[in-house]
Amino acid sequence: MEVDEQSGPGGSSQIFCLRWIKREAAKPVPDKILLSNDELKQAIEDGSAIKQESESDQSDASEPESENLNKPTEEYDDLKEFDLDNYDNEEADGNDLGLSSLVVFASNDDDPYIVSNKDASDESENEMLEKEALKLNQDDNLLVCGRCERDCSLLEIHAYNRKSHDFYVHHDIPLSSAPLCMEWLDFDAGAEDENYDKGNFIAIGNINSVIEVWDIDVLNTIEPAFTLGVKMKKHRKMKSLPSCHTDAIMDLSWNPLLRHNLASSSADQTVALWDLRVGTQSRVFRGHREKVQSIEWRPNDTTCLLSGACDGRVIALDMREEKKPTGKWKVDSEIERLAWNPDDTSYFAASTDSGSIYYCDLRKPRAPLYIWQAHEKAIPSLTISSGLLYSASSDGLLKTWRLQEESAVEVMEKDLKMGMVHCFHTNPDVTGMLAIGGEKGGVRLWNASSYEEISKYLGDDDVTEESGCDVTIKKEVNGIEASTVKKNKTNSETFSKSRGPKLAQPKSKKLKKRHLNSKRKQMRALLYNS
């Protein structure tokens with residue numbers, strides 16, 4: 001993982017959404033797609049057909065030019081030699097960056113552009129290193145991040161191990177557009193065995209009104225396993241529009257008790273329930289008057305779904321009824337994020353764009369139990385874990401709160417120094433471990449249980465090995481924050497370890513940074529260029 005310490009607000013790399021995947025949910029060794037020559041040729045032809053269709057869509061959408069603009073004038077006669085009218089129409093020179101640049105041959109021997117001088121022993125050694133780099137242990141977590149660069153968007157799948165403190169990019173997936181939200185699910189809609197339909201998938205909500213579902217256990221994939229909905233540009237072409245969203249996907253929520261169902265909210269002011277077995281909407285809810293920014297299933301419940309929108313309303317939906325909600329709450333500003341209390345699912349919290357948090361009782365609709373001003377700016381990230389509420393804001397602060405019957409008490413405040421915080425998610429297997437994404441600094445891990453102010457509320461069983469040490473985000477080693485250790489020599493050495501190719505550890509800070517970059521490049525070369 002790159003550490004972007006120099007990028008400021010509006011930097012070239014931002015993390016808008018991320019999600020932890022629990023241990024043993026992924027395959028120990030992921031599958032790898034290899035195309036034969038015939039399949040490669042077909043992929044290139046399909047890519048050309050898609051490109052022609054896209055150009056046709058653009059020509060249909062363009063407005064006719066005025067007749068006066070088409071008339072030649074003497075003013076522009078001197079520019080004829082430059083042929084500015086056809087300036088953007090570049091001739092095909094065989095360097096088309098379509099599907100042909102993403103697919104690979106089944107064997108390097110079949111690729112005419114690869115000249116290999118390595119012997120069999122070198123190849124076998126590279127294969128062993130590649131398998132070692134790709135192999136996941138039983139106690140590994142995966143972290144999926146939606147990284148948005150200036151000219152591209154990626155899904156980065158990181159591997160994290162609590163004991164060894166490994167944290168590195170395992171593989172990545174190119175995306176066609178920036179991801180707005182994501183959700184993990186294990187339902188395999190295309191499973192051949194009906195008795196075993198579990199997989200490892202991530203659903204991505206895009207601005208083009210389509211939900212893409214990607215198989216995380218497959219390397220070198222260039223298209224999602226399946227999609228839900230229709231792109232916005234095709235809506236005008238379809239006479240009979242199927243049941244689907246007509247604007248950007250704002251949030252996704254999957255219920256493990258309803259494995260074949262996926263809930264989605266959209267800027268088209270609706271909440272939909274998708275049946276993954278057939279890929280269509282089974283229910284649509286239209287109770288909001290503005291875009292619906294957040295939805296959350298009630299834990300251990302198959303009927304209750306919370307939705308919060310920019311109209312300042314929170315609605316508790318009964319998924320068995322399409323029209324009648326079970327409760328409504330009105331707030332003074334736009335809803336940013338919803339979070340259930342897993343210790344008592346009768347309670348939930350709602351954050352707003354004004355920096356306030358509302359704590360509500362599901363059994364007492366209309367009025368919240370209490371309200372407090374948590375931040376100065378919007379709160380796009382909110383979660384409740386082990387009796388503590390974590391809130392992250394556009395003001396760059398991460399705060400921890402202790403929920404009481406009549407009020408919330410601030411436990412700790414942390415300036416993350418990464419600009420606006422867009423998202424965070426708690427590790428399902430490591431209590432107090434948060435992954436945080438913002439407008440600069442890439443993705444960061446923050447161990448809340450390392451702080452004495454927080455660890456005393458988590459209990460002895462929940463405190464991790466690093467409790468008693470001060471975790472900072474001033475330095476990062478191998479993509480994970482280095483800890484400032486007090487009277488503990490063993491922890492100071494753990495962050496320098498990482499699986500994969502071994503390189504000598506340099507002493508100076510400048511050489512150490514180069515060493516880490518070389519290590520990442522070497523691993524990426526093993527994953528994608530072998």
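Predicted model: local features only at pLDDT ≥ 70, side-chain atom pairs only at ≥ 80, totals over all residues.

Visitor: How many bridges pair β24 with β25, and in which sense?

Guide: β24 and β25 (residues 397–403) pair over five bridges in the antiparallel sense. Strands here are DSSP runs (E, at least two residues), numbered from the N terminus, and two strands count as paired if DSSP finds at least two bridges between them.

Visitor: And what sits between β24 and β25?

Guide: The two strands form a hairpin with four residues between them, and Gly-396 in the turn has a positive phi of about 85°.

Visitor: Which strand pairs with β24 through residues 381–385?

Guide: That is β23, which runs antiparallel to β24 and is joined to it by five bridges. Ser-385 stands opposite Leu-388 in β24, and in the hairpin of β23 and β24, with two residues between the strands, Ser-386 takes a positive phi near 55°.

Visitor: Why is β24 largely enclosed?

Guide: Five of the five residues of β24 (residues 388–392) are buried, so the strand is largely enclosed by the rest of the structure. Buried means under 20% relative accessible area, exposed means over 50%, and partly exposed is in between (1.4 Å probe, protein chains only).

Visitor: New topic. How is β19 joined to β20?

Guide: A hairpin joins β19 to β20 through six residues, and the two strands, β19 (residues 335–340) and β20 (residues 347–352), pair in the antiparallel sense over five bridges. Trp-340 stands opposite Phe-348 in β20, and β19 is mostly covered, with five of its six residues buried.

Visitor: Is Thr-352 buried or exposed?

Guide: Thr-352, which lies in strand β20, counts as buried at 0% relative accessibility. The side chains of Thr-352 and Ser-356 are joined by a polar contact of 2.9 Å; a polar contact is a pair of N or O atoms within 3.5 Å where, within protein, one must be able to donate a hydrogen and the other to accept it, and residues adjacent in sequence count only if both atoms are side-chain atoms.

Visitor: What does the side chain of Arg-444 reach?

Guide: The side chain of Arg-444 reaches the backbone oxygen of Leu-416 at 2.9 Å. Arg-444 lies in strand β29 (residues 443–447), and at 7% relative accessibility Arg-444 counts as buried.

Visitor: What about the largest nonpolar core, how many residues has it?

Guide: The largest nonpolar core has 37 residues, and those with the most contacts inside it are Leu-142, Leu-155, Leu-185, Ile-202, Ile-211 and Leu-262. Strand β6 (residues 179–187) gives the most to this core, with five residues. A second, separate core of 17 residues includes Leu-398, Val-411, Tyr-451 and Leu-458. A nonpolar core is a set of buried Ala, Val, Leu, Ile, Met, Phe, Trp, Tyr and Cys residues joined through side-chain atoms within 4.5 Å.

Visitor: Where is Ala-25?

Guide: Ala-25 is in the loop between β1 and β2 (31–32), and with a relative accessible area of 18% this residue is buried. Ala-25 and Phe-201 are 176 residues apart in sequence and 9.7 Å apart in space, C-alpha to C-alpha. Leaving aside neighbours within four places in sequence, Ala-25 is in contact (heavy atoms within 4.5 Å) with Trp-184, Gly-199, Asn-200 and Asp-217.

Visitor: Last one: what is the order of the open sheet of four strands?

Guide: The order is β1-β3-β4-β5, with antiparallel pairing. β1 (14–21) and β5 (167–175) stand at the edges, each with a single partner strand, so one side of each is left without a neighbour in the sheet. Within this sheet, nine bridges join β3 (residues 140–148) to β4 (residues 153–161), and the bridge partner of Asp-140 in β4 is Asn-161.

Conventions:
Residues numbered from 1 in each chain as written. Heavy atoms only, no water.
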